[in-house]
Amino acid sequence: MTAMDDNIREGVDRETVETVRSMAGKYKYGWETEIETEFAPKGVNEEIVRLISRKNEEPEWMTEWRLSAFRRWQQMEEPRWAMVRYPEIDYQDQYYYAKPKSMQEKPKSLDEVDPRLLATYEKLGIPLREQMILAGVEGAEEAPAEARRVAVDAVFDSVSVGTTFKEELAKAGVIFCSISEAIREHPELVRKYLGSVVPQSDNFFATLNSAVFSDGSFVYVPPGVRCPMELSTYFRINAENTGQFERTLIIADKGSYVSYLEGCTAPRRETSQLHAAVVEIVALEDAEVKYSTVQNWYPGDEEGKGGIFNFVTKRADCRGDRSKVMWTQVETGSAVTWKYPSCILRGDESQGEFYSIAITNNYQQADTGTKMVHLGRNTRSRIVSKGISAGHAQNTYRGLVSMHPRAKNSRNYTQCDSLLIGDKCGAHTVPYIEVKNNSSRVEHEATTSKVDDDQLFYCRSRGMDEEEALALIVNGFAKEVLQALPMEFAMEAQQLVAISLEGSVG
Amino acid sequence: MMALAQAKRAATEARLAALEIPAGGGWAARAREEALARLRETGLPARRDEYWRYTDPVALNAPAPEPAALFDPQEPMPFSEVDRLKVVFVDGVFDPEASDDLSMAGIEIERLAEAAARDIHWAKDLYGVLEARGQSPVPRPLAALNTAAATDGIVIRVTGKAPRPVALIYLHRSETSDAVLHHLVRVEEGAELTLLENGPAAARLNKVLEVDVADGGAFHHVRAQGRDHERRAATHIFARLGEKSVFKSFTLTVNGKLTRNETVIELTGDNAVAHVAGAALGDADFHHDDTVFITHDAVECESRQVFKKVLRNGAVGVFQGKILVRPGAQKTDGYQISQALLLDDDSQFLAKPELEIYADDVICSHGSTSGAIDETAMFYLRSRGVPRDEAQDLLVIAFLAEAIDEIDDEAIADDILARLQAWLARRRR
């Protein structure tokens, strides 16, 4: 933490510094689970792709889908445009499939799951037994049981360990299971939607994922159903030299609602590990999806050794009119982050929102942001991004707001704030703004001086000064979003909201 | 990727084959050779290049320019009322007959070829030097091409306070002219110069201006790019600023099929100030691109970018602006605003306002907005009895005011404002 001690300048309050320090200083999840693991041979080739497909007992069409992705991937080049530097990745020098030996026989219920795996999740504070309440959350005992139930799909290295509350969700018609199970049990849904938001050959990392993804979560919420509880997936990388490639597909049918949470951690290791995930969300007419992430992969040590390379493609297609997708991300982990959760606002009056807090410390590098592609009329989007950079870290916001000629009367508001702590780090903003009609309004700001004027005016008229009013407004909606997270995430994330806006630069 | 590189190489060689690199030896020849090597390394720009995604460089790259019809604006030239020293170029060639006597107190003006003919000349340390520095981190191949092949230009050394502005006047007389001009300005310690530029110059213009402002010097630049509808231009300004120096540049662009104005500024001395501003008004077949890159490499410097565009009938406005604050450039004050007023539904505004900051004690901000005329303001004016057209013009002028305010000299600012009003009045007819 020495890097953070020098040159903390005036105007950055102590609390901010302490909060960042406690967040980024100690990685709580760096321990490893001792468990025998079965690996596929190192490297990636058509044989490995077939092997993964075979292990997941997939139908022929899925194997072919993977193979065609793999062939495309071989023709592609790794993107280098992001403001991140990392050593050449040897794609043949890592494992693409790792599975605890005790998972050889698929456990029929959670009771049959290896206790060491259950203990792992327990230690992480993730409840895998339905009667269990969220571990270590103060006051949870008094909270009504209904309010704190979260269904969890736990992914350990390449396989899903188990999914909770499946029966109860099924009663409501909600399908929540691992993607490998969905491919077997619900092929018609998977075939229809897989790759329809993030095409097979969308980009280098997504294409690799299409070829070798091993597991992930699948959610289908039928028309008019409000999912009775929060859904959550917890990703844990445990094995060494192993890449994790998960694939998540969420379909919210007409008029449905679902809130989905994602968490992830990994052990402390000397060498870097690759994580290339794809998340696809389809929101049909009047559907609403909230997707929240607390990304806490191992960030590497203070010298920048080790850590996860996090190359993630997340995209939501607001296909139906009046559909809505909200992305919330709290990015504190990973050595390198390359991630742009996006919204295609195809339906008229559809809405996309993106709220992000990214903290980088030591030698972490984050290049993250969003794309809001407005295609439908009267579409709305809002982007709020806060980047905090300390030590020798680099933190970049990269975003696109595009208003197509058809997207009449649309609206975007973007605000990016960055805070630098120390003089060895960097904060960067790379927004792309493309406006192709005049009835839409686009506003991009990287200052803290102009939030919504009406809100500001309201607060000012109540006697607050501008700083106070601003803090209230920004904290206000950030809190609202953070409260949607599971409690242990929310507690972690709420510490971040305390971070002062003072000394911000765009 | 290989194929793309090959296509680039082919386009570059085709362009070079059609160019005549001026003969002569000495420092200029060496600078030209080095620039040629720079160009061959990057190749001419292509749509796939990050900083050309919004502007198609094909017409700027082509071996021969597209012909551009001559155009008579039927009005006095910009800055006619200003007492100025006129330097006239016709289709990219210096015209001594039409120009004033080049001697003036506190200033030395020569033709580039005259300077290049002498072994010992201050221009040796500037020609292609700032351009070469400006190639990293973003390549500017058209500027390297210019250094390699510039056929004319003037070099100005300012040693005192120039008593009147120097005005570069670019006349367009041939429908197929292809001008490659390269000017140098060296403002010595405590010296001051105002440089005016106006006119279309040629059917196609490639122009580089390298400006080196020493400690305490001041350089003011105002340009009105020609009203010719069919002209195309790629211009670059490369400036290096010493301690407590001032650089201010404003550009008015009305019409022109394709304009790409790049400004690359390095603040190398403490307490330096750089302001770059532009107002662009485009109708229909108009593509205007402002690309600005400001590097803060000293403490307590100030930079300001103010760019406003008014677009209609399918006109396209592009803004790519960057503030780079290097490690140690503390107390930087960087500001950037880019705004577009779209008068109808067919026009486009494409922007990429960037910040790259490696110092913590800085205030850097940027804003970018795009939208139609504010209906509330329109309603207010209409309710006061102002006719719609007039009200719209008033709101357009108000929108552009922040950019015009960047011009310090009132007479020059009035001249620019009059031209804006004339443009609006013409559109109303």
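Mentor: Strand 23 of chain A is largely enclosed by the rest of the structure, because 10 of its 10 residues are buried. Strands (E, at least two residues) and helices (H or I, at least four) are DSSP runs, numbered from the N terminus.

Before going further, a word on the source: this is a predicted model, in which local features need pLDDT of at least 70 and side-chain atom pairs count only at pLDDT 80 or more, while totals for chains, interfaces and linings use all residues. Residues are numbered from 1 along each chain as its sequence is written, and chains are lettered from A and ligands numbered from 1 in the order in which they are written.

Now to the two faces. In a regular strand the side chains alternate between the two faces of the sheet. In strand 23 of chain A, Gly426(A), His428(A), Val430(A), Tyr432(A) and Glu434(A) point one way. Ala427(A), Thr429(A), Pro431(A), Ile433(A) and Val435(A) point the other way, and the residues of both sets are all buried.

Next, the neighbours. Within its own chain, strand 23 of chain A runs parallel to strand 21 (residues 394-403) of chain A, and 10 bridges join them; two strands pair if DSSP finds at least two bridges between them. Tyr397(A) is the residue that stands opposite Thr429(A) of strand 23. Strand 23 of chain A also pairs across the chain boundary, in the antiparallel sense, with strand 18 (residues 348-357) of chain B over six bridges. There, His428(A) has Glu356(B) as its bridge partner, and Val435(A) has Phe349(B).

That brings us to the whole contact between the chains. Chain A puts 30 residues into it and chain B 34, where contact means C-beta atoms, placed from the backbone, within 7 Å. On the side of chain A that touches chain B, the elements giving two or more residues are strand 22 (411-421), strand 23 (426-435) and strand 24 (441-445) of chain A. The largest share of that side, 10 residues, is from strand 23 of chain A. Sorted by class, the side of chain A has 12 nonpolar, 10 polar and eight charged residues; Ala, Val, Leu, Ile, Met, Phe, Trp, Tyr, Cys and Pro count as nonpolar, Asp, Glu, Lys and Arg as charged, and the others, Gly among them, as polar.

Elsewhere in chain A, you can look at a helix pair. Helix 4 (residues 60-75) and helix 9 (residues 204-212) of chain A cross at roughly 145°, and their axes come within 7 Å. The axes are lines fitted to C-alpha atoms over the stretch in contact, with angles from 0 to 180 degrees between N-to-C directions. Helix 4 of chain A contributes Arg66(A), Ala69(A), Phe70(A), Arg72(A) and Trp73(A) to the contact, and helix 9 of chain A contributes Thr207(A), Leu208(A), Ser210(A) and Ala211(A). Five nonpolar, two polar and two charged residues make up this contact.

Pro165(B) is buried, with 20 other C-beta atoms within 10 Å. Arg84(B) is 81 residues from Pro165(B) in sequence, yet their C-alpha atoms are 5.0 Å apart in space.

Notes:
Contact = placed C-beta atoms within 7 Å. Buried ≥ 20, exposed ≤ 12 C-beta atoms within 10 Å, placed from the backbone.
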